[in-house]
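Thanks for making the time, everyone.

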2 protein chains.
Amino acid sequence: MNIAIVGLGLIGGSLAKDLRAFQMLDELIGVELNPSHQKLALELGLVDCILELKEACERADVIFLSAPISSVKKLLPIVLEFSSMKLVIDLCSTKKTLVHLVENHPNRACYLAAHPMSGTEFSGPQAAISGLFQGKNLIVCDTEKTDKEKLELGISIFQNLGMKIQYMTADEHDLLAAQVSHLSHVTSFSLAMAVIKLSSGDFNGIKKMAAGGFHSTVRLAKSDPELWNQIFTENKENVLDAIDAYLTEMRRFRDILEKDDTTEMLDFMKKSNQINRLYES
Amino acid sequence: MNIAIVGLGLIGGSLAKDLRAFQMLDELIGVELNPSHQKLALELGLVDCILELKEACERADVIFLSAPISSVKKLLPIVLEFSSMKLVIDLCSTKKTLVHLVENHPNRACYLAAHPMSGTEFSGPQAAISGLFQGKNLIVCDTEKTDKEKLELGISIFQNLGMKIQYMTADEHDLLAAQVSHLSHVTSFSLAMAVIKLSSGDFNGIKKMAAGGFHSTVRLAKSDPELWNQIFTENKENVLDAIDAYLTEMRRFRDILEKDDTTEMLDFMKKSNQINRLYES
């Protein structure tokens, strides 16, 4: 089987590393516009060759799209045409626009909308790591619109990567992604910005004080601005709603603290503690 | 040397574990009011015996206070009296009130105000772990008010635990603690609360979606409400200022997103990325 990966960053590169171990793999084809990423992907042995999009689509049996959402919006309809009835899977962090975009595409049944819930705060081919997907959730959306055999092939590839498959609609996905993944990025970016401003650019005090708790809370603020600009914009309405719900809670906490209502404050934190239920089996 | 630890929770218990390895240690004495914690601390072998406060102070050469701040406020003046000129070190997360409290105490020079920048989201003697302090910062405050020899003894104990000693005033400490440690707890508690409310108590969707980024951002929301109630209340004015600075930034981000100003949004995240400077050597 020949597999093409369009976009060789953290996700595409890590996917390439794990697909290498597949017994059924013949050739791993990369498509990448950034010349330095092309060079790095070949040097790191992530892919066997870099081809033009059209040629890659013709030669591959399965095509993964792991570029940022703005590129995938342009690529998806073209790839569905070029690939002439082969399985096309996108790995973007938002799903609604893509699903709507190809709703009436003649090759719609060849498309599987997927989102691997795995990543790091780093980016580019040099950030690619083995085992990134192992044990993680893969969300697939609106799967009733995908051809049954193609869906099974896609699922089997992700299961081979060690992923747990979760089904939902693209609408549900984007709403939940805003509330869980995108909101936690906004809180981290805002925390970093507040602390940087409060320090007036002098990090000596923060360096003395910052320990494990701060590091883990602020980690996502190191994420790629270009990528997150696209994700936030793409999922704007859901993200705004999530931010508003969060601001309401934080303002409530602030007011409780201001009026010294320790009973309410205790109650707030005990309810927050219920997030522990996520970690129960 | 006999060492007494008053309060055998996460911090006191972890301290006991590491002090065990000290060559110069003769006896490790625990003081603990909670009967189940007493039992657990003896079962786990954290301390050699549990004594009443007065007896422990008389028998020990060095006394650590690792109880919550509300207890330490009551204990510190008494312990300074009971211990008759031995070194007394508190390990609370806020320092200003304690330092002011014993400002004119006849045994003020025996007191060292310290804050180890290490911990986990867990609590109680069962949460005690070895090596918790290794490589971490220890902040000591207003050290010019501590007797020179006692200060040296205290510092040498912490250095033996592998800690890096950082000096600042109690005022500076409480301000920075609010901006870095306490604020990141507020953002985590608020994130958990917002996500719990948005889910209407049904965690199935969050479970499918929550990955490494969310887990690390929300981790501190599992922290002990009783303890944090005291810390927030103790450092109220600084925490309110830090929350306000944070709310300003998050509202700014929200407005930028709402008006589709992708240039401003990119700029916001690029500035937030500067938090990376914390991780440069």
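Let me begin with B:Cys49, which is buried, with a relative accessible area of 15%; please keep in mind throughout that this is a predicted model. The sulfur of B:Cys49 has its closest cysteine sulfur in B:Cys57, and because 13 Å lies between the two, they are too far apart for a bond. In the other chain, A:Cys110 is likewise buried, at a relative accessible area of 2%, and its sulfur is 12 Å from the closest cysteine sulfur, that of A:Cys57, which is again too far for a bond. Over all chains, the structure holds zero disulfides.

Turning to how the chains are arranged, chain B is superposed on chain A by a rotation of 180 degrees with 0.0 Å of shift along the axis, the RMSD being 0.0 Å. The two copies are therefore related as by a two-fold rotation axis. Of the residues of chain B, the one that comes closest to this axis is B:Thr217, whose C-alpha is at 2.2 Å. The same surface serves both copies, in that 100% of the contact residues of chain B recur in chain A.

Which residues of chain B does A:Ser190 touch? Leaving aside residues up to four places away in sequence, A:Ser190 touches B:Tyr246, B:Glu249, B:Met250 and B:Phe268. This serine lies in helix α7 of chain A, which covers residues 170-198, and A:Ser190 is buried, with a relative accessible area of 0%. Within chain A, a polar atom of the A:Ser190 side chain lies 2.8 Å from the backbone oxygen of A:Val186.

Key: Residues are numbered from 1 along each chain as its sequence is written. Chains are lettered from A and ligands numbered from 1 in the order in which they are written. This is a predicted model: local features need pLDDT of at least 70, side-chain atom pairs count only at pLDDT 80 or more; totals for chains, interfaces and linings use all residues. Side-chain values use heavy atoms; hydrogens and water are left out. Helices (H or I, at least four residues) and strands (E, at least two) are DSSP runs, numbered from the N terminus. Buried means under 20% relative accessible area, exposed over 50%, partly exposed in between (1.4 Å probe, protein chains only). A polar contact is a pair of N or O atoms within 3.5 Å; within protein, one must be able to donate a hydrogen and the other to accept it, and residues adjacent in sequence count only if both atoms are side-chain atoms. Contact means heavy atoms within 4.5 Å. Copies are superposed by least squares on the C-alpha atoms of residues with pLDDT of at least 70 in both. A disulfide is a pair of cysteine sulfur atoms within 2.5 Å.
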